[in-house]
Structure formats: C-alpha cells, structure tokens
Amino acid sequence: MTTARRIDGKVMAAELSAKITRETAALLREHALVPGLAVVIVGEDPASQVYVRNKKRTAEACGFHSVQHTLATNSTQETVLALIDELNNDDSIHGILVQLPLPAHLDEQQVTQAVVPGKDVDGFHFINIGKLTSGNTSDAFVPCTPAGCMLMIEAELGANLSGYNAVVIGRSNIVGKPMASLLLQANATVTVTHSRTADLPGVVRTADIVVAAVGRANIVSGDWIKPGAVVIDVGINRIDVSVDGETRSRLTGDIDYDSVCKVAAAATPVPGGVGPMTIVMLMANTLRAARLASGLGAD
Ligand SMILES: NC(=O)c1ccc[n+]([C@@H]2O[C@H](COP(=O)([O-])OP(=O)(O)OC[C@H]3O[C@@H](n4cnc5c(N)ncnc54)[C@H](OP(=O)(O)O)[C@@H]3O)[C@@H](O)[C@H]2O)c1
C-alpha cells in the first residue's frame with residue numbers, strides 16, 4: 001500500500017506570491033510601474049465577500065494598487081457596465097475581476113465580455129478563450145484555477161506531459177474546458193468527462209492525471225484511481241460532520257482524500273490545495289497584464 005505525496009498548495013502559493021512580490025518591487029524600482037487590480041462585487045453574498053477580501057489582501061501583500069468596488073444587489077446592468085467602462089479606461093488599473101456569481105437579474109456574459117481582453121485577468125473573455133484553445137498563450141490570460149492546477153501537475157510530472165493520459169471531470173467554462181486545453185497544450189492525451197459520461201470510474205481508472213472539478217463531495221474514491229496517478233481536487237463542498245455529538249460544517253473536495261491517497265502517487269488536499277493557488281494566479285495574471293500594457297513583455 002502506498003501513501004500519496006500531499007501536494008501542498010499553501011506552500012506553493014506562498015513561494016509564488018513571494019516571487020510576485022519581488023518582481024513587483026523590481027517593476028516599481030526600474031519602471032515606476034505599480035500593477036493595479038480592481039475587484040467588482042455586486043451584492044452581499046457572504047462567500048463572495050470572503051473571496052473578494054482575500055483577493056484584496058493578497059494583492060496588497062504583493063505590493064499592488066488594489067481597489068474594490070461594491071455595488072448594491074439591485075444595481076442595474078447599465079450601472080455595472082458603466083463601472084467596467086470606467087475601469088477599462090483607467091490607466092492605473094491593469095486587471096479587472098468581476099466576482100461571480102452576479103445577482104440573477106444581471107447578464108453575467110455581457111458583463112464578463114465588457115472587460116477589455118488586456119485587463120481580463122480571469123481569462124473569461126472570448127478573445128482569451130480563443131487564444132488558449134488555439135494554443136496562442138504568449139499574451140493570453142488563462143483562467144486562474146486551471147492555471148494553478150497546471151503548475152501543481154508540472155511540479156509533479158514536468159512541463160511535458162507526452163504519453164500521459166489525463167482525465168478531467170467537469171466541463172465548465174471556468175475550470176473543466178480550460179484545464180483540458182492546458183493539458184492538451186502540454187501534450188497529454190486528454191479525456192473530458194461530465195454528468196452524462198458512461199462508466200465514469202472506468203474512464204478515470206485509465207488516467208495518469210486526474211483533475212476533479214465537479215462540486216460533489218468525495219465523489220472520486222480510491223478504487224477509481226490508477227496506481228501512481230497524480231490527482232488534483234478542484235471541488236469545494238461544504239458538508240456537515242458530527243464532532244463529539246455536535247454537527248459542524250466542514251469543507252471537503254470532490255475526491256475521497258484518504259482512499260485516493262492509498263493508491264495515487266500524489267494528491268491535493270481540500271482545503272490547502274487548489275484554492276490558495278487560484279488566488280495567487282490572479283496576482284500572476286495582474287502582474288503580467290501590467291507588464292504587457294507597458295510594453296515590457298509577459299515575463
Ligand atoms: N478551488 C478553487 O479555487 C475553485 C475554483 C472554481 C471552482 N471550484 C469548485 O470546483 C467545483 C466545480 O466548479 P465549476 O465552476 O466547474 O462547476 P460547474 O460549472 O457546476 O460544473 C460542474 C461540472 O461537473 C459535472 N458533473 C456534475 N455531476 C457530475 C457527476 N455525477 N459525474 C460527472 N460529472 C458531473 C457537470 O456536468 P454537466 O456539464 O453534464 O452538467 C459539470 O460539467 C465546485 O465545487 C467549485 O466550488 C473551486
């Protein structure tokens with residue numbers, strides 16, 4: 001029986017964040033340039049507020065100019081678009097992030113597409129999606145979560161994934177599809193699965209690399225895993241557990257970590273895996289946006 005290596009997202013994110021902080025200081029010193037990140041939140045969803053606070057705190061820790069715009073839940077589409085327009089034209093802002101989900105009366109697609117591609121640090125604009133899927137990533141912005149997953153996979157297996165089978169569980173525009181594009185670009189042989197896939201466990205058992213982005217607690221168990229696979233858990237699920245007779249709420253991923261770790265070579269925990277990497281990739285994209293906007297090259 002093996003015990004998988006724990007891929008520590010907190011440690012990786014802290015190292016990357018320190019590198020971004022150093023590069024930001026150099027940018028200020030050598031080019032008098034400060035990367036600027038604007039985060040837009042509409043409404044008072046508590047989970048979104050926590051995410052936005054974390055992003056602002058991390059941006060400030062990296063030395064960025066960081067602004068937060070909080071709009072009322074009942075804001076109109078025109079109000080949100082006017083703010084995006086203002087930020088698109090603000091030279092001190094290099095990255096714009098609109099915290100999703102937006103309240104149901106707003107047209108999310110129109111809002112995300114209103115961010116100019118050069119400031120689209122979430123990588124949701126059709127131009128950036130097109131660049132990623134066509135393999136033209138030199139000046140594209142890649143969505144933060146799959147970009148972070150990719151760094152974790154590279155740390156285990158190297159940048160060239162030739163000969164490896166990768167199975168992505170989930171086909172969302174935010175995680176599953178861009179993840180598949182990145183794996184393909186790194187030469188993996190990629191299968192994308194979803195809720196209509198027949199024999200999901202059988203498909204996952206063929207994988208040297210598994211990325212689970214489903215949103216179902218512990219759906220992937222150890223008997224789905226090929227011995228020696230690298231398993232990345234994107235899922236964030238809140239479940240109730242009983243502790244000393246009391247019901248407590250706890251975060252868990254899409255993989256059943258304990259049983260998966262008996263078979264896999266390496267796996268990410270939840271919390272402390274993909275989550276911290278996602279935030280730091282937003283900072284990496286913002287630094288990149290500032291460099292590109294100033295004609296300095298991507299890195
Ligand atoms: N750690 C992070 O930073 C981070 C970032 C983003 C998301 N997340 C988490 O990652 C998870 C996925 O997020 P998302 O935005 O990609 O979710 P999503 O848009 O809801 O997509 C979920 C995907 O899972 C598939 N699926 C659902 N049930 C399935 C089943 N029983 N078997 C196989 N596939 C199934 C769906 O298939 P269909 O397309 O057929 O419906 C869909 O493609 C969530 O828990 C989310 O909170 C974490």
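Guide: Domain bounds are those of an automatic or database domain assignment. For this chain, the assignment gives domain 1 (32-116) and domain 2 (144-277). Taken over C-alpha atoms, the centres of domain 1 and domain 2 are separated by 29 Å.

Residues are numbered from 1 along each chain as its sequence is written. The model is predicted, and local features need pLDDT of at least 70, side-chain atom pairs count only at pLDDT 80 or more, and totals for chains, interfaces and linings use all residues.

Helices (H or I, at least four residues) and strands (E, at least two) are DSSP runs, numbered from the N terminus. Helix α1 covers residues 9-31, 23 residues in total, and spans 31 Å from its first C-alpha to its last. After α1 comes Ala32, with a positive phi near 50°.

A residue is buried if 20 or more other C-beta atoms lie within 10 Å of its own, exposed if 12 or fewer, and partly exposed in between, with C-beta atoms placed from the backbone. In α1, the buried residues are Gly9, Ala13, Ile20 and Thr24. They pack against α6 (144-157) and α10 (274-293).

Why is Ile20 classed as buried? Ile20 is buried because 24 other C-beta atoms lie within 10 Å. Two residues are in contact if their C-beta atoms, placed from the backbone, lie within 7 Å. Apart from neighbours within four places in sequence, Ile20 is in contact with Cys62, Met283, Ala284 and Leu287. Ile20 and Val280 lie 260 residues apart in sequence, yet 8.8 Å apart in space, C-alpha to C-alpha.

A nonpolar core is a set of buried Ala, Val, Leu, Ile, Met, Phe, Trp, Tyr and Cys residues joined through C-beta atoms within 7 Å. The largest such core has 87 residues, of which Val210, Val211 and Val260 touch the most other members. α10 gives the most to this core, with 11 residues. At least three residues of this core come from each of domain 1 (32-116) and domain 2 (144-277). Val211, leaving aside neighbours within four places in sequence, is in contact with Cys149, Val168, Ile169, Met179, Ile232 and Val234.

Conventions. Expected span 1.5 Å × (residues − 1).
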